[in-house]
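Subject: Structure handover

Hello,

I am passing this structure on to you. Please open it and keep it in view as you read.

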Amino acid sequence: MNKVFEDEFMDLQSALISLCMEVTEQKISKIYVYCSNEKKSKMFNAFFDVNGEIKTLNQLGVPNNLAFQFLKLGTEDLGKLDGICKKHNMQIPTEMKLYYDVSSGKYTAEYKYEEVCSSKTQKNSGEVFLEWLNEIKG
């Protein structure tokens, strides 16, 4: 990977994390961001750890209009991701799971490049998001 691509790719991921931090007024410990970025499925969503409890936007009491704006902005950023990858001739991830620990600053990301949400897998992006949410909840 070249440095310019890495910087642009990381800047976009940082923007997604920043968007998550802006959407809630509660003290967030950890942020979990899910991005489905397939040809027929683009989806952005997140859930949060607040005092050891995993919560969705709805459970945090984020007003619907703000939640919809949040989801729309995050999904629009996936289009920017496509542009960055195409510009640098890099493969476009079909799925990204981002994790940010607010207190320690620890950041990790998992990327997939094969179909995750398709007729082959019999799953849609919402189902994959909920599976990850339930996995983290334990």
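Below is what was found, starting with how to read it.

This is a predicted model, in which local features need pLDDT of at least 70, side-chain atom pairs count only at pLDDT 80 or more, and totals for chains, interfaces and linings use all residues. Residues are numbered from 1 along each chain as its sequence is written, and side-chain values use heavy atoms, with hydrogens and water left out.

The strands

Helices (H or I, at least four residues) and strands (E, at least two) are DSSP runs, numbered from the N terminus. Two strands pair if DSSP finds at least two bridges between them. Start with β1 and β2. They pair in the antiparallel sense over 9 bridges. They form a hairpin, with 2 residues between them. Across this pairing, Tyr-32 stands opposite Phe-47, and Ser-36 stands opposite Met-43.

β2 also pairs with β3 (residues 53-56), again antiparallel, over 4 bridges. Here Phe-48 faces Lys-55. These two strands form a hairpin with 2 residues between them, and Asn-51 in the turn has a positive phi of about 55°.

β1 has another partner, β4: the two are antiparallel over 7 bridges. Cys-35 stands opposite Met-96 there.

Buried means under 20% relative accessible area, exposed over 50%, and partly exposed in between (1.4 Å probe, protein chains only). In β2, 9 of the 10 residues are buried, so the strand is largely enclosed by the rest of the structure. β1 is also largely enclosed, because 8 of its 9 residues are buried.

The cores

A nonpolar core is a set of buried Ala, Val, Leu, Ile, Met, Phe, Trp, Tyr and Cys residues joined through side-chain atoms within 4.5 Å. The largest has 28 residues; Cys-20, Ile-31, Val-33, Phe-44, Phe-48 and Phe-70 touch the most other members. At least two residues each come from α1 (3-23), β1 (30-38), β2 (41-50), α2 (64-87) and β4 (95-101). α1 gives the largest share, 8 residues.

Take Phe-44. Contact means heavy atoms within 4.5 Å. Leaving aside neighbours within four places in sequence, the contacts of Phe-44 include Leu-16, Leu-19, Cys-20, Val-33, Phe-70 and Leu-78.

A second, separate core has 12 residues, among them Ile-54, Tyr-99, Trp-132 and Leu-133.

Helix α3

α3 (residues 125-137) has 13 residues and reaches 18 Å from its first C-alpha to its last. That is close to the 18 Å expected at 1.5 Å a residue, where the expected span is 1.5 Å times one less than the number of residues. Its buried residues are Ser-125, Val-128, Phe-129, Trp-132 and Leu-133. They cover an arc of only 140° around the axis, which puts them on the same side of α3. The arc is that of the directions from the helix axis to the C-beta atoms. β1, β2, β3 and β4 are included in what covers these buried residues.

Now the two ends. At the start of α3, a side-chain oxygen of Asn-124 reaches to within 2.9 Å of the backbone nitrogen of Gly-126. After α3 comes Gly-138, with a positive phi near 85°.

Best wishes

Technical notes
Polar contact = N/O pair within 3.5 Å; in protein donor to acceptor, adjacent residues only side chain to side chain.
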